[in-house]
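Here are a few exercises to work through with the structure open. Try each task yourself, then read the solution.

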Amino acid sequence: GIGSTGDSDLDVSLTTALSAVNNGISGNIVITRAAAAGGMTLDAAQSSPLGSGSVIVTVLGGTLTVASSGVTVAGSGSILIDASAGNVTANADIVSGAGHITIKADDDIILTAGVDVQTASAGTISVDAETGVLTMSGTANVTATGSSVRLRSQGDITVGNVTATNVSIDSDSGSIINAVGTTKNITAANLRLQASGSIGASARHFTTNIDFITGLASNGSIYV
């Protein structure tokens, strides 16, 4: 592995771009960047399909940008991407073979054009913009095959294409918006939508292929 949880994580402050690869079947990649060092660009991989190692990356100040070959776990390990005092921008894929994926930012989260956030089997996906907005490009995809996806933000959530058995989308003080260029906002068996503002818009409905839906727009309208 590379680093470990707790006091033995790998503290990174001398570089603004980091590439980390573990080719073994065990061990995690655990990286923390100090607040004073600012943001960081990252690509990381657990490359063995038989492995159970995870990728855990925390940036304590500034933007954490996923770029280049993205973040990949070929086996069953999980992925945590955490900008605890800034933004997360994904310009490349974040993929686990069957582990949980968690993306957290104190401020905004952006999934840019063509980005895939994907897991399968028992793996779930949680994306949480704690005080900001969550913005997916219309060609960005979040997929948890046979499992669950949760999208949450303080402000608006702009949704690209989300596929899972269970999907929950919750905007505490904003609206849920259909991104321009989407194929289908939600493909799922069960969908829960909650927003302080509106869900969809009269000129651009929120699009779904679902079995069951619950929706609440506390101070707005619902267009599905």
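**Exercise 1.** Find which side chain makes a polar contact with the side chain of Ser 168.

*Solution.* Start at Ser 168, in strand β17 of this predicted model. Its side chain meets that of Arg 192 in a polar contact at 3.0 Å (N or O atoms within 3.5 Å, one able to donate a hydrogen and the other to accept it; residues adjacent in sequence count only if both atoms are side-chain atoms). Next, look for contacts (heavy atoms within 4.5 Å): skipping neighbours within four places in sequence, Ser 168 touches Val 149, Arg 150, Leu 151 and Arg 192.

**Exercise 2.** Decide whether Ser 168 is buried or exposed.

*Solution.* Buried means under 20% relative accessible area, exposed over 50%, partly exposed in between, with a 1.4 Å probe and protein chains only. Ser 168 has 18% relative accessibility, so it counts as buried.

**Exercise 3.** Work out which side chains of β20 point to the buried face.

*Solution.* Strands here are DSSP E runs of at least two residues, numbered from the N terminus.

**Exercise 4.** Find the bridge partner of Asn 190 in β22.

*Solution.* Strands pair if DSSP finds at least two bridges between them. β20 and β22 run parallel, joined by six bridges, and Phe 212 is the partner of Asn 190.

**Notes.** Residues are numbered from 1 along each chain as its sequence is written.

How values were computed:
Predicted model: local features only at pLDDT ≥ 70, side-chain atom pairs only at ≥ 80, totals over all residues. Heavy atoms only, no water. Helix = DSSP H or I, 4+ residues; strand = E, 2+ residues; numbered from the N terminus.
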